[in-house]
Amino acid sequence: MATGLCQPGGGASCGACCGLYNFADHGREALHDALARRTHRAAQGPRTLAAFREAAEQLRAQERGPLFTEVRVCPLLGFLDPEQTRVGCLAHPLVTGGEDLRDCGVYNAGICASFECPSFLWLSDEEARLIRDACPDWYLYGLVVTDVEFVRGCLGLIANALGRQVPAETLRAQCLEAMGALFALKERAPGREQGAAVFGRFVPDGTGDGALRTLDYRRLGATPAPEDEVVLCLGYAPQDAAALETARQVVRRQVSEVASKCRF
């Protein structure tokens, strides 16, 4: 079982459970600006319940609408360091110096303290360490560590390319840079539809929740391929067989690069 996924050290941190990515535009620049604005506003007053409730209300009024309305967006998620490299709860007692102000957010201190991220239950310690070291960055790390299907899909494709299962610890030790480039496709995969209201494998279903996206192979005139789960996790929404094959090739090239670095 993985431990410490929110603040694992090494430059990585995650605020996905606080709705960090829950916007139609969840690109790095847009989220950085939102986090910086929240951090600045929270620092303007004293660290008291009254001041933080006022700050949270003002920040909520400035927020863009969420992509999935069932997923709450907490306005008290911000940057924890002056260099703006680590995200986390601005109301947490370890951040405020002792006062627990999490009741001022969209949840409360009890819910925040007891919440278990699904990735905490599903990822092994070795997989979590691989992601942490391959993605030492607040934006990319959160995208990857919360998408277990993407991580497991990538590991499965690497195993297929090598003809054997490869422990995550081996990948971490032997080809960390190539794994980082593969995981970075979550941010940089080329050819995705700009502005599409999708988040990885999910799309709003009209009720505020997320519906799982699939590929209609008959409509596309295509047949399934091993890369398709990762293609969907990357946010591709191909409209024809050629676009699907182009997306698959993006994944194949990076998987091949990882496989070429492995030594046995």
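Residues are numbered from 1 along each chain as its sequence is written, and side-chain values use heavy atoms, with hydrogens and water left out. In this predicted model, local features need pLDDT of at least 70 and side-chain atom pairs count only at pLDDT 80 or more, while totals for chains, interfaces and linings use all residues.

Helix H2 covers residues 49–62, where helices (H or I, at least four residues) and strands (E, at least two) are DSSP runs numbered from the N terminus. At 1.5 Å a residue, the 14 residues of H2 should span 20 Å, and this agrees with its end C-alpha atoms, which are 20 Å apart; the expected span is 1.5 Å times one less than the number of residues. Within H2, the residues Ala51, Phe52, Ala55, Ala56 and Leu59 are buried, a term that means under 20% relative accessible area, with exposed meaning over 50% and partly exposed in between (1.4 Å probe, protein chains only). The buried residues of H2 pack against helix H1 (28–42), whereas the face turned away from the buried side carries the exposed residues Ala50 and Ala61.

Leucine 76 is found in the loop between H2 and strand S1 (77–79) and is buried, with a relative accessible area of 1%. Leaving aside neighbours within four places in sequence, leucine 76 is in contact with several residues, among them Phe52, Ala56, Cys89 and Leu101, contact meaning heavy atoms within 4.5 Å. Alanine 168, in helix H9 (residues 168–174), is also buried, with a relative accessible area of 9%. The C-alpha atoms of alanine 168 and glutamate 126 are separated by 5.6 Å, although these residues are 42 residues apart along the chain. With neighbours within four places in sequence set aside, alanine 168 is in contact with Glu126, Glu127 and Leu130.

Of the 23 residues that line the second largest pocket, the closest to its centre are His26, Lys186, Glu187, Arg192 and Glu193; lining residues have an atom within 4 Å of a point, and a pocket is an open set of points on a 1 Å grid over the protein atoms alone, where a 1.4 Å probe fits, with protein on both sides within 12 Å along at least five of seven lines. Helix H11 gives the most to this lining, with 3 residues.
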